[in-house]
Amino acid sequence: MIERPLYVEKIMAYVDTPFVKILTGVRRSGKSTILKMIMDKLRLERGIPSERILSYRFDSMEYEDMTAKQMYYELKDRLSDNGKTYLFLDEVQEIKGWEKVVNSLASDYDADIYMTGSNSRMMSSEISTYLTGRYVSFHIYTLSFAEYLNFKSKHTKLGDMKSELADYIRLGGFPVTHLQNYSQDEVYTIVKDIYNSTIFSDIVKRNQVRKIDQLERVVKYTFQNVGNTFSAKSISDYLKSERRTLDNETVYSYLEKLEKAYLLHRCSRYDLQGRKILKTQEKFYLADTSLRYSVFGYTPDSVASSLENVVYLELLRRGYTVNIGKCEDGEIDFVAGRQGEKLYIQVTQEIRSEKTEKREYERLLGIRDNYPKYVLRTDDFAGGNYEGIKTMHIAEFLLSKDY
């Protein structure tokens with residue numbers, strides 16, 4: 001196993017606290033492996049005996065017909081009489097009524113509980129009802145650029161950062177695709193399987209979606225329009241142009257289901273003058289850039305939006321709340337806030353003309369505050385600062401620890 005300290009250290013800080021630890025995120029983002037890392041640390045660093053560490057994987061056929069009551073008695077009967085029991089419950093959402101089981105075990109017994117789930121039903125009203133104030137959640141993302149380099153360095157020699165960033169954009173960050181030196185086609189075959197299992201298990205089967213072709217058309221529209229603002233009406237109008245009728249409410253429903261399966265992240269617009277979130281013309285970003293390429297194939301003209309995608313995910317990994325900034329003469333790609341901090345970011349693949357350069361910088365110069373402002377790009381440029389705005393290569397930004 002290749003360590004992922006970004007998550008392990010955060011979770012270890014809550015060991016032996018009364019909070020249930022919940023790991024969520026898209027399928028195959030590494031949640032189960034992180035659970036194993038926590039178990040290893042408990043054994044090796046905390047000296048917890050193996051018999052007090054219980055691990056279950058509820059997406060196994062072994063538990064396919066298990067009821068909540070059976071789950072409760074199975075776990076209760078194996079709790080230790082000689083100290084705290086550490087329960088690791090993988091893909092726990094597969095058991096209907098798991099919330100009551102976890103609540104009972106956390107309330108009535110000396111148990112420290114860790115769980116994973118690939119559907120945001122994990123964070124639904126049920127868990128809020130049963131575990132109010134008693135859980136902490138950790139969103140596990142696919143590999144960051146830094147993690148990608150660490151994984152890749154285990155089996156091959158790294159190139160320069162610019163070429164590595166290009167590979168990272170093209171191949172994405174699902175951990176399973178970087179455990180050895182897979183070809184591009186092999187990577188996309190693996191990712192397409194992740195995509196299919198998410199669509200059919202976490203969306204179609206769980207929500208009893210009958211018109212699968214409609215869902216797939218909405219998925220493909222969002223995948224093709226990463227980084228573009230659009231609305232449910234935009235999708236509905238597009239489908240009408242293809243002689244497919246789909247009302248706005250159904251489109252919203254599908255988008256919500258894709259979010260709940262963690263395939264999509266919704267990024268709302270923020271009015272910088274009115275200081276309020278706008279309800280229309282949002283953007284959606286993918287859980288991983290490779291999802292788009294596994295469905296449509298890789299094309300160089302999609303790189304610009306994929307660069308936005310990786311910057312957006314990196315900001316989320318670091319705990320920022322991210323919006324699109326609406327200003328008087330256009331948009332700022334990202335306005336990121338975290339505990340009183342704020343960043344303004346423009347992302348561009350390259351700047352070919354003075355007109356483009358002026359547009360990218362002037363929008364940031366129009367913001368009259370002293371928070372850091374960045375223009376991130378992948379081409380060659382002279383100098384690193386323009387009237388207080390920092391210009392950085394995107395690879396440098398992704399690896400920086402200064403924000």
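This is a predicted model: local features need pLDDT of at least 70, side-chain atom pairs count only at pLDDT 80 or more; totals for chains, interfaces and linings use all residues.

Reader: Is Lys154 buried or exposed?

Author: Lys154 sits in the loop that joins helix H6 (145-153) and helix H7 (161-171). The relative accessibility of Lys154 is 55%. Exposed means over 50%, so Lys154 counts as exposed.

Reader: What distance separates the C-alpha atoms of Lys154 and Ile2?

Author: Along the chain, Lys154 and Ile2 are 152 residues apart. In the model, the separation of the C-alpha atoms of Lys154 and Ile2 is 8.7 Å.

Reader: Is Gln214 buried or exposed?

Author: Gln214 belongs to helix H9 (residues 212-224). Its relative accessibility is 16%. Buried means under 20%, so Gln214 counts as buried.

Reader: With which side chain does the side chain of Gln214 make a polar contact?

Author: Not counting residues up to four places away in sequence, Gln214 touches Thr245, Leu246, Thr250 and Tyr254. A polar contact of 3.4 Å joins the side chain of Gln214 to the side chain of Tyr254.

Reader: Which residues have the most contacts inside the largest nonpolar core?

Author: In soluble globular proteins, nonpolar side chains tend to be buried together. Here the largest nonpolar core has 94 residues, and those with the most contacts inside it are Val311, Leu315 and Ile345.

Reader: What does Ile345 contact, leaving aside its neighbours within four places in sequence?

Author: Two of the residues with the most contacts inside the largest core are Val311 and Leu315, and Ile345 is in contact with both of them.

Reader: How many residues does the second, separate core have?

Author: This core includes Val20, Met71, Trp98 and Ile113. The second core has 25 residues.

Reader: Against which elements do the buried residues of H2 pack?

Author: Helix H2 (residues 31-44) has 14 residues and reaches 20 Å from its first C-alpha to its last, close to the 20 Å expected. Lys31, Ile34, Leu35, Met37, Ile38, Met39 and Leu42 are buried in H2. The buried residues of H2 pack against helix H1 (5-12), strand E1 (20-24), strand E2 (53-57), strand E3 (85-90) and strand E4 (111-117).

Reader: How much space lies in the largest pocket?

Author: The lining of the largest pocket consists of 42 residues, and Arg27, Arg57, Asp59, Glu91 and Glu94 lie nearest its centre. H2, E2, E3 and helix H8 (184-207) each supply at least two residues of that lining. The space in the largest pocket is about 1,200 Å³.

How values were computed:
Residues are numbered from 1 along each chain as its sequence is written. Side-chain values use heavy atoms; hydrogens and water are left out. Helices (H or I, at least four residues) and strands (E, at least two) are DSSP runs, numbered from the N terminus. Buried means under 20% relative accessible area, exposed over 50%, partly exposed in between (1.4 Å probe, protein chains only). A nonpolar core is a set of buried Ala, Val, Leu, Ile, Met, Phe, Trp, Tyr and Cys residues joined through side-chain atoms within 4.5 Å. Contact means heavy atoms within 4.5 Å. A polar contact is a pair of N or O atoms within 3.5 Å; within protein, one must be able to donate a hydrogen and the other to accept it, and residues adjacent in sequence count only if both atoms are side-chain atoms. The expected span of a helix is 1.5 Å times one less than its number of residues. On a 1 Å grid over the protein atoms alone, a cavity is a set of points where a 1.4 Å probe fits but cannot get out, and a pocket is an open set with protein on both sides within 12 Å along at least five of seven lines; lining residues have an atom within 4 Å of a point. Grid points are joined across faces, edges and corners, and a volume is the space filled by probe spheres set on the points.
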